[in-house]
Amino acid sequence: MIAEMIHLKIIGLQRDSKDLIEHIRDLGVFHVEIEEAVEYRQIADEPMVEKMKFLRAGILGLLEDLGWNDWSSLPQDLVESIGNAVHLDDMAALDEIEKSLVEFKGRLSEMAHEIRAFEESIFALKQVHYIANHFYNFFTEEKKRGKAISFWLVETGKISGLLKKLERKIRSATPVVERPYFNHKLLSQGENISIMALSVNQDKISAVHEIMDEFGCISYTMPKTIVGESAIESPMAAQMELKWLPERLERAKKTLDSTKEEWGPRLAALYILIDDRLESLILENRLSSEGEIFTLTGWIPSSEFEKVKSSLKNRFGERVLITWRSPEPREWPKVPILLDNPRWAKPFELFLKLMPMPGYKSTDPTAFIAIFFPLFAGCMIGDIGYGLIFLLIGLFSLKAFRWKNPILKGVSQILINISVMSIIWGFLYGEFFGDLGHRLFHMEPLWVERTHGIIPVMVFTVSLGVAHVILGLALGAYEGVKYKNRHHTYERLGTLFTLLGIVLFVVGYFNLIELNLVPFVVALLVTGLALLIKGGNLSGFVETIGSVGNVLSYIRIAAIGLSSAILAMVATKFVDVLGVTFFGILLAVLIHLLNLIIAIAGSVLHSARLHYVEFFGKFYEGKGKQYRPIKRRRGTAWRKP
Amino acid sequence: MEKALIGLAAALAVGIPALATAYAQAKIGSAGAATVAEKPETSAIMIILEAIPETMVILGFVVAIMLILQLG
């Protein structure tokens, strides 16, 4: 259900405005009413607000650079001690913080640069060391012989042609009395490029250059180590550097880690303080004031009203004046929406968070989702074994996330609800990991075996669809009455009566009950058509046809359930075919695992779709805005923004 | 022969809409993913749009079941 809200106006003295805002933030239930366009202009002109926004963004950037993200364990006393040491209302102090942050950023960049340089050096040195080792023997042997050695980058595809041409060239350039000399060694560098070392007599080096230029080869200079020696002449130097460079890299990383541990929480605390103060400052700027008096208007849940009233009275006594009233119908579109459901339905509010909020005084469908969603999903899964697995996962994740993540806690509770319904449907269908229950324990269905009795399941799901769609139409008509929208009311009622008429016609046609239904059918259809005509336009007729389609859409529950049941049976069949062997059991388990994933994903998605499309389409209008009270970031609720 | 034709008809009744649904969902899905990336608040609307073409294959499935039941 949607919580009742109260419009609250607080009038006080300017000198109390700061204290009042801090007090309201401590209470954490006041949703401030603002005129966005006006307020944005005012705030944008305020230099302190701009400075704080700049600092806040800067700190967040520094935390990103540091890689610090441990918001949940930020100690409260650190925030308080930094809060006592820093004066955020002083522009000079903010300038000082900015200066320190710029210096810190410089130091951080240097550290990051140093680490990057070490990493790149290590990578490059490894490459050089590898190349130098490969050519070292060739190089020293040829050098001993007094040959001219050159290195080249060549295209791998051209190597054989190049070598032939080089040999011919060397031979033709060598006088007959001399013996031609030519030696080479190759090292592949990826798919297309190779490094080629060539050794020739000293006087033939110009001939080598000529041919290499002709083939478009590039001369390769063997890199030097950090101490300046050529890697090929002194591979040991490269090896030594490879030993101490990682140590220096490790030292640089440790320095960065200790900076992160030391400064991460401090910066985060400063961020929290600036963010906190900024929110108050923005609010102070939004106060409408006249002379020495200010006015603050907003909304609070009616359940919190007495607490807020007495708290303000105790804190400020006669210095503030409070007026309050319930929202008038013309104000409903402006009232912030707070969903306030009982514990059993609370997790299902998640479905509305994916959509715009419902309007004030309209229907909150959370309770209906809490009933129908697990029912549909359970009907699709319909297996005791799968249900037990989901129940275990749900209980485990609930235990793990209960205090850590409210969204995952809600998801776990939804999973538990689905698993319980799956187990119940599993008994009705007589399924335990497909037909394994029947084979092992002679388990029999309490209602029907899905794979053999598809028609009863289909009829049941369509009936479920009729009930769900009619409920949606009834809620739509109720919304129309509440918002005094006659067209809406007549259209929904007309569709509802026509749909009921069609359902009774089908029941009568197949003689499902021993009663003459013709008068009822005629009455319902005539009333429905009359209401649709009264509704005013053709859209009502289209809506009626659409509703019939919506009802048929619920057959998906039977269809998906059937495919899940058959896949589970196929898994067990593998043991029949391959025997009770390791391979047979492994295949069966894998297929059950696949089916398990498909079952939960399919059932959740399709149940959500049935709600969003078939059910919500009949009454839901997302015209509300979320209730967002101003409050402090405190305790374990701190999260990275 | 008649049974074979009924079987073929059932396969086509579910197969052709399945292809059509898959085509439509592929188009909507890629557009939807881009939209949700830019505006996460449209997630539910995208689920709705993504799910709309499924009606074709569901109705195809119903027709296929009706045909298969004729086989006895």
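**Notes on the predicted model**

1. Let's start with the layout. The domain assignment of chain A, which is automatic or taken from a database, gives domain 1 as 129–234 and domain 2 as 346–620. The centres of these two domains of chain A, taken over C-alpha atoms, are 76 Å apart.

2. A word on the ground rules. This is a predicted model, where local features need pLDDT of at least 70, side-chain atom pairs count only at pLDDT 80 or more, and totals for chains, interfaces and linings use all residues. Residues are numbered from 1 along each chain as its sequence is written, chains are lettered from A and ligands numbered from 1 in the order in which they are written, and side-chain values use heavy atoms, with hydrogens and water left out.

3. Helices here are DSSP runs of H or I with at least four residues, strands are runs of E with at least two, and both are numbered from the N terminus.

4. L20(A) is worth a click. Beyond its neighbours within four places in sequence, L20(A) is in contact (heavy atoms within 4.5 Å) with I10(A), F294(A), L296(A), L312(A), F316(A) and V320(A).

5. A nonpolar patch of about 820 Å² includes V577(A), L578(A), F582(A) and F583(A). Its members have over 30% relative accessible area and no salt bridge, with nonpolar side chains (Val, Leu, Ile, Met, Phe, Trp, Tyr) joined within 5 Å; areas come from the Shrake-Rupley method with a 1.4 Å probe, and for residues only the protein chains shown count as cover. The largest share of the patch, 6 residues, comes from α20(A). F582(A) sits in this helix and is exposed at 67% relative accessible area (exposed is over 50%, buried under 20%, partly exposed in between; 1.4 Å probe, protein chains only).

6. R609(A) is also in helix α20 of chain A, but R609(A) is buried, at 2% relative accessibility. Not counting residues up to four places away in sequence, R609(A) touches S553(A), R556(A) and E614(A), along with A51(B), I52(B), E54(B) and T55(B) of chain B.

7. Now the charges. Over all chains there are 32 salt bridges (a side-chain nitrogen of Lys or Arg within 4 Å of a carboxyl oxygen of Asp or Glu). One of them joins E4(A) and K361(A) at 3.0 Å, N to O, and these partners are 357 residues apart. E4(A) is partly exposed at 42%, and K361(A) is partly exposed at 28%.

8. R450(A) and E431(A) form another salt bridge, with closest N and O atoms 3.0 Å apart. R450(A) is in the loop between α14 and α15 of chain A and E431(A) in the loop between α13 and α14, so the pair ties together parts 19 residues apart in sequence. R450(A) is buried at 2%, and E431(A) is buried at 5%.

9. Finally, have a look at K18(A), E22(A), D89(A) and R277(A), which are linked in a network of salt bridges.

How values were computed. Patches are made of residues with over 30% relative accessible area and no salt bridge: like charges are joined within 9 Å, nonpolar side chains (Val, Leu, Ile, Met, Phe, Trp, Tyr) within 5 Å.
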